[in-house]
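Let's take a walk through this one, chain by chain. Keep the structure open beside you as you read.

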Amino acid sequence: MSEYVLELEGITKEFPGVKALDNVHFKLKSGEIHALMGENGAGKSTFIKVITGVHSATSGEIYLNGEQVVFHNPKDAHKMGIAAIYQHVTNYPDLNITENIFLGHEKINKWTRRIKWKEMHAEAKALLESLGSDLDPKTEMGSLSVAKQQIVEIAKALSSNAKIIIMDEPTAALTHRESEELYKITEALRDEGVAIIFISHRFEDMYRLADCVTVLRDSQYIGTWDVDQISNEDLIVAMVGREIKQLFPEKSNELKEEVLRLEGLGQMGRFKDISLSLRKGEILGITGLVGAGRSELCQALFGIEPYDEGKVYFEGKKREIKTPADAIHLGIGYLPEDRQEQSLILQWEISQNISLSALDKISKNGWLHLQKERQLAKELAEKVDVKTKSIFNPASSLSGGNQQKVSVAKLLTTDLKVLIFDEPTKGVDIGAKSAIYQIIVDLAASGYGIIMISSEMPEVIGLSDRIAVMCEGRITKFFDKGQATQEAILEAAMSKKVTKSKVG
Amino acid sequence: MKKFGILGIVLTAILALLVACGDQGAAGGSEEGSGGDTGGGDDGDKRHAIVFKSTGNPFGEKLMEGFEDAVQEAGGEAILRAPEQPTVEGQIQIIEELISQQIDSLTIVGNDYDGLEPVLTKAMDRGIEVLSTDSAVNENSRMVHVNQADPEAIGRIQIEAVAEMIDYEGEIAVLSATSQASNQNLWIEWMKKELENADYENMELVEVTYGDDLRDKSVSETEALLQSYPDLKAIIAPTTVGIAAASKVITDKGLQGEVVVTGLGLPSEMAEYIQNEVSPWMYLWNPIELGYLAGYTAVALSDGEITGDVGDTFEAGDLGSYEVTETEDGTEVLLGDPFRFDIDNIDEWKDVY
Amino acid sequence: MNTRIISNTKVFSWKHFFLQWEWMLVGLLVIIFMMNSSISPYFLNYTGISDATMTFLDKAFIVFPMVMIMIMREIDISVGSTVALSSVVMASLYNAGVPMIAAMGACLLVGALCGFFNGYLLVKYRTLSAVIVTLSTMILYRGIAYMILEDQSAGGFPTWFSFLGWGYVGPVPFILILFIIFAIGAVLLLQKTTFGRRVYAIGSNPVASRYSGIKVDRMKLIVFTLAGLMAAITAIFLTSRMGSTRPNVANMYELDVIAMVALGGISTAGGKGKMLGAILAVFVIGYLQYGLGLINIPAQVLLIVIGVLLIASVTVTNLRGKGKFQKKKSRKSVQKAS
Amino acid sequence: MTEKNLLKHINLANISKFREFGLLGFIVLLAIVFQILNPAFLTFGNLADLTKNTAILSILALGMMLVLITRGIDLSIGATLALSGMIAALTVREFPGLSPLLAILIGIVVGVICGVVLGFLVSKVGILPIIASLGLMNAYRGLTYWISGREWVSAYQMPASFKDIATSSILGINTLVFIAIMIFLFFYYFVNNTITGRQIYALGSNPDSAKISGINSHKVYMLVYTMMGGLSGLAGVLWVSKFASAQGNTASGYELTVIAACILGGVSINGGIGKVTGVLLGAVLLGVLDNGLPLIDVSPFWQMGIEGAIILIAVLFNTIVKQTVEKSHRLRRVI
C-alpha cells in the first residue's frame, strides 16, 4: 500500500497538432488539499480530464492506491472514487437537485431496475443538510443561484463516496462569503480523509486551504512544494516563467468633468435607487458579493436589460438607454464578463471581431470597405498589443488574455466616453492581468470615464479612484481612493444598512 | 483531398442509383418510365403522354394502363407520368418536361380546372395535341375532353340509387373529397337538382362534408355525421377514399342495414363493403376503358383523323366507334353510363381495379 | 503603447479558394449537365432548358431570405402557407374588382405582413423558437387562405399577368432575368454589406452580436419580413404560371426551399454558408429534376434521389469541417444552457 | 407594482407548475362549448370514437417527445408510418394466414430499421436532425410507392384477423386505445423511473455535461430515433388496420400534427423539458378539435384556421405564463 492515493507518472497527452500535457507528474495523499496552479492554457484542465477519464493519456501511468489503473471513460474513474467539480458548472438545469446529485450512479432496484426516488430524495436531503444547506432536493437545478449550484455539485461528489475530489476553480463565481463557506466544507471533507485537488487562480484560496501546491506551465510539470515553503514571488515565477515586478501600474490619470450621472436608477427585483456620477479620466470600481446587482446595474446602463426607473444623464443631458445600440451611440461601451459568449465570435478573424461594433465606420452607405477594416483592426490590435502574427487569424487561436485584449480593442473602435469593464481579468492569467491593468489605466489617462466591476478586492483597491460597494441591489457605501481596505469593503458588502449615497 | 474522395463516392453512388432506376424502368413493362427510355423519335413512332393527378393512385394506374394498351395497339409509344403530390405545380413541371421531349399528344387528368391553362396552351402552340380525361380542364386548355360519364347522369343516378335503398324516405348526407378536382362539385350540384324532384320530398340532404381524400379525416367526418344526425339513413360519397372510409365506419359500428353507403368508388376498395352489404351497390366507370378511349382519342387527334370538333368520329379499338359531341364548355367524347357494382358482379371486378 | 507589428495583408491561397463548397456544387452541376445530355437527346436544347428553368425558379426566390434566416440560426416553415395566402388574397381582390396592379401590391403587403408577424412573435417572446412560431403560423396562414376562398379557385387574370411567369425578354425568360437581378443583389447584400456582416455575426454568436450593438431584434424582423415578401413574389409568379389559384397551392414549398438551402452548404447551426451556394443548389436540384423528368423517371424515384442527394451532400459538408463543426456545436449548446 | 398585480403573478406561477391542469382545463372548456353547441358530443359513442382516433396520434407524440427532448426533430415519421404500414399490408395480402401479432412485429421491425438509419445519420454522421429526417422523409416515401408498385392494398385483400387489430377489444377496451394506454404507461415508467429515461432528459438539458457524466450520447440518440421509428412502425400497422387500406400517401404531412401535439403538451423544442402527461393531453386536445369541430357545424374550410389559431394561442399563453413566472421570481426578492 502506497502512501499516495493517486500517483501520475509521466503523463503526456497529445491532440492532433498540440501537446497538451508533456511528461507531467503528480502525487496525492489522502486527507490532503493539493492545489494545482498554472496560467490559462498551462494544461490544468486537460490534466484533470485525464484523471477523470474524459481523455485518455497518450502515454504515462496512473496509480490508484499503488495499483496501476486505466480509465476508458468517465464512468471508470467515477467507480474508482474520483469525482470532479468542473469550472463551468456542468449541471442539468431542467432536472431536479436529486437527479443532478445522483446522475450516473442512481439508486435502482436490482430486480426491476426502477429508480428509487424516495431513497434518493432522502439521501440528497441528508447530504445537503450535512453541507449546511436547506435546499429542497426536488427543486429544479436551473432555478438555483450559482453558489447553490456549487453546493449541489459538492453534494454530487460526496454522494458517490468519492475518495478523491477535484475542484476546478470552484470559487471563480463565488463571493468572499460564499467562498468562506466552501473553504469550511472543503476542510471538513479533508478531515474525513478525502483527498482534494484544488485548482484556482486565486492565491488567497491556495494560502487559505492547500497543504501543498503543484505548478504546471506550458503543458509541463514545473514542481511541487509545500505551501509554507514557497513565497508568493517564487510561485509567480514558477507559474509565469519570469518575474512580474509590479501587478498594478502607476496611475497618472487626471479627473476631469463629469460625463455620466445616474439618479435613482432601478430595475424591478434587481437593483434600486442607484445614484452615482463618473468623471472623465476616473476609474470607478464597483464591487460587492455576487448577486449584489453589480452586473445587472451595468447591463442596464448598457441597455441589455433596460432599467425601469430613474434617470441617466450623459454629459449633462438626460438620455434614454433601451438597447446596447443606444448606449454605444451615446458613447458607453461595455466589456462583458464572459468574453467567449458575450463579446467575441471565436471562429471569426480578429479583424472582423474588432470591427463588429463599428461596422458603420468601415462602410459607406452600408457597403463594407475591407481596406478600412484591416487598417482599423491593425491599428487597434497593435495598440492593445494582441499577441498574434496576423489580424486574419481566428480569435479562437488566441489565449484568454489576448482574447480579452481583442475585446478591449473592440471598445476602442467607436467614439466612446464611458467604458464599463465587467470582471476584466476573470479567467485571465497573471501575465495578461497586468497587461490589462495597464490598458485600463492608460485608457483612463487618455480621458475615458471607466466603471470597473470586480470581485477581486486587490484589483478594485489597486486601480480605482473611487469604489462603490453594492449589497442586495443597493449601493451601501462609497470609498475614496486610499480610504478603502479589504475589511471595510467586505463590511459594506455585507451590511444591509444603506448609507445615503452622495451624488457627485 | 480526402473530402473530394468522399464526394466522388457519393456522386458515384447517386449515378449508380440512377442507372439502376433506368434499368428498372426498362425492365418493368408497366413502370411509368418505360415509355421514354427508347427515346429517339426519329423512328416514326408517335409518342403519346398521359399525366395523371398524382402517383400511387390505383384508379390512375388503371387509367394509364388502358391508355398504354390503346397507344401500343395503334403502334405508338406511351409515356405515363404523375407528380408525387396532386398539385397543379407538379403537373406544370411534368408538362414542361414533356414539351421538351416533343411528344405528339398529351392527355391530362387535371388537378385544377383552370390552373393548367397557360402550360397547356403553350403545349398546343408547340404543336402538341392536348386532350383531357376523367377530371376536365377548361375548354381553352384542350381540344377535346374524354368524359367517363355525363356529370348530370352521375349526379342523378346516385340520388336514384340512394332513394331506392332507403325507400324514398329519410335523411341523407354527402361526404365529398376536397373538391380540388373539378368534377366533385358538379356532381353534387346535379344531386341537389335531382332532389328537387317531387319523388324525393321525404328525403332531406342534411349536410355536405369534406374528407379531403384523407383516411383519418374522412373517418372523423363520417363519425361526426353519425353523431350529429342519429336518424341518418344514407351517405353518398362520390370519391374512392371517402366511400371506403365511410363504409369502414359503418361496418365497425355495426350499423349495416341502418345506414347505407353508396357513391363512386373503386371495386377493389369497396369489395369488402359490398359483400357485407354496407353498400348495396355503387357506381364507377371502368378506368381501363376510359384510359383506352383516351388513348385512341389521342392517336386519332395526332393522326389528324379528328380535330376535336363536333361531329368528328373515330374508331376506338375494341370499344367501337365514337363521336365528338357538344357540351356547355367545349367538346367531349363520352364513354357511357357509369357501371353499377353490386354483390353479384363485384367478385369479378375486385381484382381488376 | 508598444511596437508589435501585426500583418494586415491577406495571403491568397489557391488551395483555400478551391476548397470551397461552391466549387463542389459547380462540379455537381457540370456532372448533372453531362449526365442529362447523355441520358436524353432532348436535354441540350436552349428552349427546353430555358423553359425548365422557369418551372423551378418561382420558389427559388424564397431561397434568398431563407439563407439569411438559416445563417441566423432560425428557420421559417410557414413560407409555403404565406405563398398560398398572399396568392389567394391577390386573386380574390382581383375578382372583387380591384385593379390587378393594386391586387399585386396587396399580395406583397400580405406576404410581408405574414413574415413580419412571424418575426414579431419571435422577437416579442424570446423564449419561443422559430420552429414553433412558424409551425403555428404555417397552419394559421393556410387556414386563413381556406377561409377566404373555401373550395373555389380564383383566376381570370388579365393577359399581361401571364407574361410574368411565362414571358420571354428576347431569348431569356423574364423570371430568370428577375431572378438573376435578385440573386446578384442577394449575394452582394450578404457578402459585401454591413447588413450581411451582421447576419453572419448574429448566426455565429447572437449574444456577442447584441453586446456589440447590433440590433438583433430589428434584424430578425427584417429578414422574416423579407421572407414573407419573397414568398409573395413567389406567389405572384406561381399564380401567373397557373392562371388561377387555390388555398392548397405551394404545399410543402418550405421543405423544398430548406432542402435547396441545406444543399447550398448553409448549416442550420448558423453562421456558415454562402448565398452563392444556395443559388447554385437551386439549379442543381432544378436541372437534376428536369433531366430525370426527360427520361420520365417515376415520381417516387425522383423523391428518393432528392432525399439521398440532400443527405449525401450534408454528410460531405459535415466531414469537411468536422473539427470546426464539433467545436461550434458544443459552443452552441453551452450558450443554450446559459 | 401594486399588491393586486403581485397576487396575479403568483397565481400564474402556480398555473405553470400545474401546466397540465391548465391544458386539461382548456380541454374541458372546449368540451363544454362543443357540448352546448351539439349535445351529441359528450355521448359514449362519440367519446369512444374520439379516443380511438386519438390513439395513434398519442403513440406517435410520445415518441416525438423523446426526440424533441434530446433537441432533435423527426420529420420522417409520416413516411416511416406509410412504409411500414404498406409492407405489413403487402405481407398479409400475400400470407393471409399470418398472425396479426406477426404483422405488427413486421411493421415495428421496418419502423425500427427506418429509425436506426436516421439515428445513425444524426448521432454518428452528425447531420442535423431536421435535415437528415427531411431527406429520409423523401426517401422513405419514394420507397413506399416503389415497393407497392403504386397500388393500394384494399380491405378485401386483408384477412379479417388483420383488420380486427383495430376493431377488437382487450378487457373491454378497444385494442388501439389499449395499446396506446400500454405505451403511455410504459413511457411514464420509462422516462421517470429508469436510468436510460433520465439520461434522455439529461442529454437534452445539457449535452456537454452529459459527455462528462459519462452518458453515451450516441447511444441515447440512437435509442430515441429507434424508438420513434419503432412506434411509427407500430402506428403504421394500426393505421392500415384501422382504415383497412394501405396507400402510398398514407399520413402525408402527419409529422406536423404530431409535433403540434407535443408543443401543445409543453415539450420544449430546445430540449430537456417535456412530460408524458402533457403530451397525452396535447394529443387529446387535437383529437377533441378534430372530433368536435365537424360536430358543431363549423364550415369545413374554417377548421384549419381555427386549429392554427388555437395552437398559436396555446403556445403564446404558455410563453407568457413562463415569462410572468420568471418575473414573479424576481419580485419575491425584496430590496
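Which residue in β20(A) is the bridge partner of D422(A)? It's I453(A). Bear in mind as you look around that this is a predicted model.

## The sheet in chain A

Zoom out and you'll find both in an open sheet of 6 strands, ordered β16-β19-β20-β13-β21-β22 (chain A), with mixed pairing. At the edges stand β16 (332–335) and β22 of chain A; each has a single partner strand, so one side of each is left without a neighbour in the sheet. From one strand to the next, the twist averages 20°.

Now look for helix α14 (residues 400–411) of chain A. Helix α14 of chain A lies across β16 and β19 of chain A, and runs at about 170° to β16(A).

## A hairpin in chain A

Over at β22(A), there's a hairpin to look at. Strand β21 (residues 466–471) of chain A pairs with strand β22 (residues 474–480) of chain A in the antiparallel sense, over 6 bridges. One pairing to pick out is I467(A), whose bridge partner in β22(A) is F479(A). The hairpin has 2 residues between the strands, and E472(A) takes a positive phi near 45°.

## Domains of chain A

## Chain B: domains and sheet

For chain B, the assignment gives domain 1 as 45–149 + 287–336 and domain 2 as 151–284. Their C-alpha centres lie 29 Å apart. Where the two meet, 11 residues of domain 1 of chain B are in contact with 8 residues of domain 2 of chain B.

There's an open sheet here too, with 7 strands in the order β2-β1-β3-β4-β5-β14-β13 (chain B) and mixed pairing. Its edges are β2 (77–81) and β13 (325–326) of chain B, each with a single partner strand, so one side of each is left without a neighbour in the sheet. Further in, β1 (residues 47–51) of chain B and β3 (residues 105–108) of chain B run parallel, joined by 4 bridges; A49(B) has L106(B) as its bridge partner in β3(B). Helix α11 (residues 287–302) of chain B lies across β1, β3, β4 (129–133), β5 (144–147) and β14 (331–334) of chain B, at about 160° to β4(B).

## Chain D: helices

Chain D has 14 helices and 2 strands. Its radius of gyration is 21 Å, close to the 20 Å that the globule rule gives for 335 residues, so chain D is as compact as a globular protein of that length. Along the principal axes, the C-alpha atoms of chain D fill a box of roughly 75 × 55 × 40 Å.

On the α9(D) side, the contact is made by T196(D), Q199(D), I200(D) and L203(D), and on the α11(D) side by S217(D), V220(D), Y221(D), L223(D) and V224(D). These contact residues divide into 6 nonpolar, 3 polar and no charged.

Definitions and conventions. Residues are numbered from 1 along each chain as its sequence is written. Chains are lettered from A and ligands numbered from 1 in the order in which they are written. This is a predicted model: local features need pLDDT of at least 70, side-chain atom pairs count only at pLDDT 80 or more; totals for chains, interfaces and linings use all residues. Side-chain values use heavy atoms; hydrogens and water are left out. Two strands pair if DSSP finds at least two bridges between them. Contact means heavy atoms within 4.5 Å. Axes are lines fitted to C-alpha atoms, for helices over the stretch in contact, and angles run from 0 to 180 degrees between N-to-C directions. Ala, Val, Leu, Ile, Met, Phe, Trp, Tyr, Cys and Pro count as nonpolar, Asp, Glu, Lys and Arg as charged, and the others, Gly among them, as polar. The radius of gyration is taken over C-alpha atoms; the globule rule is 2.2 Å times the number of residues to the power 0.38. Domain bounds come from an automatic or database domain assignment.
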